[in-house]
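We will walk from one stop to the next, picking residues and seeing what sits around them.

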Amino acid sequence: MFEPQSTNLITYSEDFSNSFYVKDSGVSVGTTNNLSPSINANATKIDVTNNGRIYANIATNTYYTTVFIKSGTFSHFKFAGSNVDLIAETNSNGTIQSFGNGWYRIGKSYTGNRPFQIQAYPDGTYSSHTTSGNYFIWGAQSEVQSFATSYIPTNGEVGGVTRLADAAFGAGSSDLINSTEGVLYAEIEGLSNGDINRIISISDETNNNLIMLRLGITANRVTAFVRGSGGAYSTLTINGVTQTDDNKIALVWDASNFRVWVNGNERSTTAINSVPSNINTVKFSNPTSGENFFGKTKCLAVFKEALTDAELTCLTTI
């Protein structure tokens, strides 16, 4: 997992009894000794007698907010205005991810000063009610960005808690990279489908000689580039690839052609304008260390030869 630097601006991410959280009439904090996704007995039961809210006020901004939530009596919620159904495992305007044992991490982009806000409902009508019941929450997080990163716990720290960006150094040998032909292979999963550019590259650490794979700003799109001796780029754009899926992607080059394989199929090919030379460095970024790749990486490999179609089918098939 490679993630950017990020700050959780929810001051008390696990202590929902703290006055940092506002509870409407009919909403109260129950026991806090329930098993959470951390495998500790620190999840909080929220008791409800109507559709009141529990929410937090922080500075106005655009946030991506998440919380871990588990059904009790209630399985339907409004989270920052999005309709969440834990039975159907849906979130109408956000994300939902199962963490096992009935726990889900739900997320929503929100602009304003109440990014964390939950209301519970007895069914999918999301209508006002006076039904009594409960549900469980743990691990609230609000980040000033367009997608969620992994959970950052807080406990009253002024200004929140910041996790530094991840990085990788010193893997592999430059002797295993062949400029004249080869394959750059990655099994990857983006943290968001669009929004920012994220790049994996092989290069001479300049923009003159490179092989480059990009999950870009446009959703459902992968772009591949090759350039040699500062000449013209050969560029291939593949649409219909959900960036947050587990994708197996291979960029193949030789003296004549540049090809892209995705999930078992050759998706696009073009004549190569200029073969790169002296490429010797693999980066989770562009050649000059910008546009860092943030996402999950199951495998990254460089082959010294352009593989056959049969080999590429085997390599990239999900």
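In what order do the 6 strands of the open sheet that includes S2 and S10 run? The order is S2-S6-S13-S8-S9-S10, with antiparallel pairing. Strands here are DSSP runs (E, at least two residues) and helices are DSSP runs (H or I, at least four), numbered from the N terminus; two strands pair if DSSP finds at least two bridges between them.

Before going further, note that this is a predicted model: local features need pLDDT of at least 70, side-chain atom pairs count only at pLDDT 80 or more, and totals for chains, interfaces and linings use all residues. Residues are numbered from 1 along each chain as its sequence is written, and side-chain values use heavy atoms, with hydrogens and water left out.

**Stop 1: the edges and middle of this sheet**

Now select S6 and S13, which run antiparallel and are joined by 4 bridges. Arginine 53 has glutamine 119 in S13 as its bridge partner.

**Stop 2: the largest nonpolar core**

A nonpolar core is a set of buried Ala, Val, Leu, Ile, Met, Phe, Trp, Tyr and Cys residues joined through side-chain atoms within 4.5 Å. Buried means under 20% relative accessible area, exposed over 50%, and partly exposed in between (1.4 Å probe, protein chains only). The largest core has 26 residues, and Tyr21, Phe77, Phe116, Ile118, Tyr135 and Ile137 touch the most other members. Strands that each supply at least two of its residues include S7 (61–71), S12 (103–112) and S14 (133–143). Another core, of 24 residues, lies apart from it; Ala186, Ile188, Ala224 and Phe293 are among its members.

Next, pick tyrosine 135 and show its contacts (heavy atoms within 4.5 Å). Beyond four places in sequence, its contacts include Thr44, Ile46, Ile69, Phe77 and Ile118.

**Stop 3: aromatic rings**

Rings of Phe, Tyr and Trp (its six-membered ring) pair if their centres lie within 6.5 Å; planes under 30 degrees apart count as stacked, over 60 as edge-to-face and the rest as tilted. The count comes to 15 aromatic pairs. Tyrosine 12 and phenylalanine 20 have ring centres 6.4 Å apart and planes at 55°, so this pair is tilted. Tyrosine 12 is partly exposed at 21% relative accessible area, while phenylalanine 20 is buried at 17%. Phenylalanine 77 and tyrosine 135 make an edge-to-face pair, 4.9 Å centre to centre with 70° between the planes. That pair links S8 to S14 across 58 residues of chain, and both residues are buried. To see one aromatic cluster, select Tyr12, Phe16, Phe20, Tyr21, Phe79 and Phe116.

**Stop 4**

Move on to the open sheet of 5 strands in the order S23-S22-S21-S16-S25, paired antiparallel. Its edge strands are S23 (265–271) and S25. S16 (residues 182–190) pairs with S25 over 8 bridges, and isoleucine 188 stands opposite threonine 297 in S25.

**Last stop: serine 285**

Is serine 285 buried or exposed? Serine 285 counts as buried, at 5% relative accessibility. It lies in the loop between S24 (281–283) and S25 (295–303).
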